[in-house]
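Work through the following exercises with the sequence and the 3D structure in view. Each task is followed by a solution that goes step by step.

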Amino acid sequence: MPILFHKEEREFHLYNEHMSYIIRILPNLQLENLYYGKRVSDKPTYSCLSENVQRPLAVYSGDAANDKISMHHVRQEYPSFGTGDFHYPSFEIAQLNGSGITAFKYQSHSIRKGKRDILPLPSTYVESDGEAETLAIVLYDTVIRTKVTLFYSIYTDASVLCRSALFEHEGDDPITLNRAMSASVDLPDSLFEMVQLSGAWARERSVKKRRLEDGVQSIHSLRGISSAEHNPFIALKRPNADESNGEVYGFSLVYSGNFLAHVEVDSFGCTRVMIGIHPDTFAWVLKKGESFQTPEVVMVYSDSGLNTMSHTYHRLYRTRLARGIWRDETRPIVLNNWESTGSAFTEDKILLMVGKAKELGIELFVLDDGWFGKRDDDTSGLGDWYPNMKKLPEGISGLSRKIEAMGLKFGLWFEPEMANKDSDLYRAHPDWILSTPGRDESLGRNQCVLDFSRAEVVDFIYGSMSKVLRESKISYVKWDMNRYITECYSRASDASSQQSVPHRFILGVYDLYGRLIKEFPHILFESCSSGGARFDPAMLYFAPQVWTSDNTDAITRLKIQYGTSIVYPLSSMGNHVSDVPNQQVGRITPLDTRANVAFFGQLGYELDPEELTEAESDKIRKQIVFYKKHRDLIRTGTFYRLGNPFEENHAAWIVVSENKDEAIAGYYRILNEPNPGTTRFYLAGLDGNARYLVSGKNAEPYCGDELMYAGILISSDDWCSKGDFASVLFYLEKK
Ligand code: DGJ
């Protein structure tokens with residue numbers, strides 16, 4: 001049983017073989033967190049971990065001896081503000097009389113097998129009830145007559161605890177939720193480093209670490225989407241924890257909109273972690289009978305470093321967040337025309353590229369931006385999802401049929417949430433964009449954001465996209481989103497609902513995704529946002545892979561893929577081999593290295609195959625044969641980060657098949673060095689007792705333990721002649 005309730009002591013113990021999470025109901029009927037960490041034995045009470053001392057300047061609730069509690073000094077579960085706790089609260093409710101004070105008290109609880117959906121929000125799921133157990137604790141405020149249910153789902157076999165909160169209002173007077181975080185966790189000390197994945201366009205998800213200090217440290221997005229600047233994830237790790245050792249607590253929010261991940265260290269060394277929808281752009285009015293569900297936060301505890309935390313997220317997100325047939329299907333190798341033609345293409349040019357792609361072994365052609373409306377550059381056409389007949393005389397339907405007849409599948413680009421002012425859509429419905437009355441709207445990439453908080457706008461886009469998808473042979477959709485959101489005001493909402501528009505916009509996006517997936521379950525959706533500006537767990541619920549970054553330079557990709565892998569599995573990373581000099585950084589890297597980096601994800605090419613020399617074509621043919629042979633191992637294997645490109649002159653990693661029979665390891669030396677020392681490449685995750693043949697090495701097998709603890713020697717001779725940006729790939733097979 002992963003969830004126990006000790007009736008006498010009124011304590012809940014949620015545990016599995018990896019972790020324990022212990023909560024008790026306090027005498028004042030609020031909730032106290034007693035422990036979160038490595039699995040501890042069950043016993044009737046852990047109240048010995050609770051400290052209720054009287055401190056100067058503290059403010060107390062209750063007056064009887066054991067009822068006198070300073071909520072500031074209690075480690076809480078879902079704290080409020082204004083009744084003695086002076087930290088930031090997890091929620092705030094404004095009431096008609098102007099008060100924000102609430103007192104939610106334990107009312108009841110239930111423990112159920114399985115895990116509930118929180119639709120329309122995406123969340124992790126179970127396939128059978130035995131996979132998880134869910135505790136729901138109901139708290140009630142009798143003055144405003146509102147219920148908050150805190151949900152805790154613990155997976156039976158993984159160190160995963162998923163939390164969310166549901167507000168249900170029963171009172172006659174409406175209330176306004178001004179803050180509703182998905183979870184709050186109080187940890188008893190502050191000896192942690194905060195790990196975050198931050199960056200910008202073309203350098204998304206760099207791994208940054210900082211030691212926690214007294215006060216608040218946080219990351220957020222107020223850009224309308226999860227953003228390239230900060231991923232909706234933080235981890236707290238012990239200062240000595242590294243990739244393979246030490247305690248790590250991960251917090252990953254299944255949400256694509258504005259978020260806040262907030263860590264507060266108080267003067268007594270207690271650390272409060274909260275994550276959820278950003279309160280600064282959120283307010284939600286609840287009338288009698290209405291409810292509000294927060295997004296889910298997925299908490300992962302590891303006592304053996306960041307790699308173990310990542311493995312837990314990878315497995316969960318690949319198998320119990322991603323859905324549909326593409327969750328488990330082998331993904332096609334694509335050719336995308338964006339970096340080679342931009343929007344300046346003709347049908348003839350596309351068909352020539354497809355013919356050459358076929359010879360190389362590529363399986364699916366993606367027609368990127370520029371196929372619709374009046375779209376010759378980024379100033380016009382967005383929103384007009386019908387083919388540009390000048391470029392494509394037989395439309396998308398004709399082109400898709402021709403491509404299928406040539407033996408490739410066909411994929412198509414859309415940017416559903418946007419419109420250019422120079423578009424038929426904008427001309428017909430100028431009020432359908434987000435903008436404030438009487439003021440100019442700001443443009444990003446010359447485009448406006450459609451008001452997806454309005455059902456009729458989502459319906460319209462659904463109608464135009466589904467028409468194209470129905471009429472043509474389309475196996476893949478790249479869903480792009482190329483600007484951040486400003487002037488987030490809906491012409492269809494009244495004043496009291498304007499602060500709910502950012503969240504309702506995201507619900508509109510989920511709604512459109514959900515409807516398209518339902519009607520076209522065979523289509524593989526790849527999400528994209530100027531590369532990886534919306535690479536978040538919620539997107540994986542709809543689109544199992546994401547265009548990782550617009551940056552296709554192999555060397556900067558080392559960092560991007562390394563950072564992305566902290567949370568996201570290789571099955572979710574779209575990686576393309578592109579032309580050199582690279583479009584984003586001008587770097588010239590060897591074709592082998594470009595492929596050796598792109599192999600660790602879902603492979604594609606983004607170049608003009610007609611421009612390749614015979615030697616390059618040969619290499620690419622071989623790369624594709626190699627990838628086809630091993631792509632399922634790469635998609636489903638366990639990925640270990642071995643060498644950190646943020647800290648060293650190299651990157652290294654390995655993906656090991658679940659049964660440990662096979663593995664592929666990559667080692668990348670960034671800059672060449674004169675007369676370098678030798679390198680021992682220490683592998684991980686192998687069967688220590690097995691013997692492995694290693695490609696490119698002597699015919700004698702290596703022992704698994706030897707490969708992990710003594711390493712593979714990469715001699716300086718191997719590197720010297722190769723110049724900068726050299727790499728080596730090892731395929732290992734159990735003998
Ligand atoms: C941004 C994407 O990340 C690119 O791959 C490409 O699709 C362009 N948009 C097209 O406008």
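The structure is a predicted model, in which local features need pLDDT of at least 70 and side-chain atom pairs count only at pLDDT 80 or more, while totals for chains, interfaces and linings use all residues. Residues are numbered from 1 along each chain as its sequence is written, and side-chain values use heavy atoms, with hydrogens and water left out.

**Exercise 1. Describe the surroundings of the ligand.**

Step 1: Look for polar contacts, that is, pairs of N or O atoms within 3.5 Å. An N or O atom in the side chain of Lys478 is 2.7 Å from an oxygen atom of the ligand, a polar backbone atom of Gly531 is 2.9 Å from a ligand oxygen, and for an N or O atom in the side chain of Trp547 the distance to an oxygen atom of the ligand is 3.3 Å.

Step 2: Turn to the accessible area, which comes from the Shrake-Rupley method with a 1.4 Å probe. The ligand taken alone exposes 290 Å², and the protein buries 97% of that.

**Exercise 2. Decide whether Ser206 and Lys622 are buried or exposed.**

Step 1: Locate both residues in the helices and strands, which are DSSP runs (H or I, at least four residues, for helices; E, at least two, for strands) numbered from the N terminus. Ser206 lies in strand β12, residues 203-211, whereas Lys622 lies in helix α11, residues 614-636.

Step 2: Apply the cut-offs for relative accessible area, under 20% for buried and over 50% for exposed, with partly exposed in between (1.4 Å probe, protein chains only). Ser206 has 15% relative accessibility and so counts as buried, while Lys622, with a relative accessible area of 61%, is exposed.

Step 3: Leaving aside residues up to four places away in sequence, Ser206 touches Gln196, Leu197, Ser198 and Phe646.

Conventions: A polar contact is a pair of N or O atoms within 3.5 Å; within protein, one must be able to donate a hydrogen and the other to accept it, and residues adjacent in sequence count only if both atoms are side-chain atoms. Contact means heavy atoms within 4.5 Å.
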